[in-house]
Amino acid sequence: MKRKLLTLVCACGLTLSLAAGASAAEFTDVRSGAWYEKQVQAVADKGIMTGITATTFAPDAYVTRATVLTVLWRMEGSPEPSGIEGFPDVKEGSWCDKAARWAKEVRIADGYDDGRLGAGDQVTREQLALFLSRYTYYKGGALAEGVLSLYPDGDKVSKWAVDGMKHAVGAGLITGTSQNTLSPLGYATRAELAVILDRLMTPAQG
């Protein structure tokens, strides 16, 4: 029940966030010195992620698949998708419709076996890794080759997500949890997504 409520907050909040801009300092639930504070500030300043209200960010709320595609779409400047047919479970004109159709058009997302996007489903870390690797490929970047065996559960990554997770790990986008595990089936939070997006936007040094 808690997961469902957190996801509902995240999904509803993203709709509100289109008009709710704020800095991390103004989010009452982003404490000073939090491990994600600077990254929330960065993505909020760029308008990529905004609060679920004018004063709350909901850092611990779980992220939906639609939310991930929407923030990647925003990073691209919110382009207009072509006339490609959308996903059957995404209502035309809904808050994530354009982002979902764009993601389908550029092959960042192709949905489940039954054709659905699963827009309101909580995104797992391995699903997120796949979206990130496809986004990098779409941008013309080279995919990294991280070593999954460095993590005790590296062999638990689903076969279809292995290449995506290798890239996310090798590029430093996804790192181990506090238990040094990949937790491929674990759910990503808004705070974690903010950190990952900031890493994605930060040019590699060296």
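Is tyrosine 138 buried, partly exposed or exposed, and at what relative accessibility? In this predicted model, tyrosine 138 counts as partly exposed because its relative accessibility is 32%, which lies between the limits of 20% for buried and 50% for exposed residues.

The confidence of the prediction was examined for the protein chain. The mean pLDDT is 89, and 86% of the residues reach 70 or more. Over residues 1-20, by contrast, pLDDT stays under 50, and the model has 39 contacts beyond four places in sequence for this stretch. Where pLDDT is low, predicted coordinates should not be read in detail.

Helix H4 spans residues 97-105, and its buried residues are Asp97, Ala99, Ala100, Arg101, Trp102 and Ala103. These buried residues pack against helix H3 (65-75) and helix H5 (125-138). The axes of H3 and H4 are 8 Å apart and meet at an angle of about 80 degrees; the two helices are therefore roughly perpendicular to each other. On the H3 side, the contact is made by Leu69, Thr70, Leu72 and Trp73, and on the H4 side by Lys98, Ala99, Ala100, Trp102 and Ala103. Of the residues in the contact of H3 with H4, 7 are nonpolar, 1 is polar and 1 is charged. Just after H4, arginine 107 adopts a positive phi of about 65 degrees.

Aromatic pairs were also identified, and the whole structure contains 5 of them. Phenylalanine 27 and phenylalanine 57 form a tilted pair, with 5.4 Å between the centres and 45 degrees between the planes. This pair links distant parts of the chain, 30 residues apart: phenylalanine 27 lies in the loop between helix H1 (2-17) and helix H2 (37-45), and phenylalanine 57 in the loop between H2 and H3. Both phenylalanine 27 and phenylalanine 57 are buried. Tryptophan 102 and tyrosine 138 form an edge-to-face pair, 5.7 Å centre to centre with 85 degrees between the planes. Here the link is between helix H4, which holds tryptophan 102, and helix H5, which holds tyrosine 138, 36 residues apart. Tryptophan 102 counts as buried because its relative accessibility is 3%, whereas tyrosine 138 is partly exposed. Trp102, Tyr135 and Tyr138 form one aromatic cluster.

Backbone geometry was considered last. Most residues other than glycine have a negative phi. Asparagine 180, in the loop between helix H6 (162-170) and helix H7 (190-201), has a positive phi near 55 degrees. Serine 183 is placed in the loop between H6 and H7, with a positive phi of about 45 degrees. Asparagine 180 is partly exposed at 43% relative accessibility, and serine 183 is partly exposed with a relative accessible area of 25%.

How values were computed
Residues are numbered from 1 along each chain as its sequence is written. This is a predicted model: local features need pLDDT of at least 70, side-chain atom pairs count only at pLDDT 80 or more; totals for chains, interfaces and linings use all residues. Side-chain values use heavy atoms; hydrogens and water are left out. Buried means under 20% relative accessible area, exposed over 50%, partly exposed in between (1.4 Å probe, protein chains only). Helices (H or I, at least four residues) and strands (E, at least two) are DSSP runs, numbered from the N terminus. Contact means heavy atoms within 4.5 Å. pLDDT is the predictor's confidence in each residue, from 0 to 100. Axes are lines fitted to C-alpha atoms, for helices over the stretch in contact, and angles run from 0 to 180 degrees between N-to-C directions. Angles under 35 degrees count as roughly parallel, over 145 as roughly antiparallel, 65 to 115 as roughly perpendicular and the rest as oblique. Ala, Val, Leu, Ile, Met, Phe, Trp, Tyr, Cys and Pro count as nonpolar, Asp, Glu, Lys and Arg as charged, and the others, Gly among them, as polar. Rings of Phe, Tyr and Trp (its six-membered ring) pair if their centres lie within 6.5 Å; planes under 30 degrees apart count as stacked, over 60 as edge-to-face and the rest as tilted.
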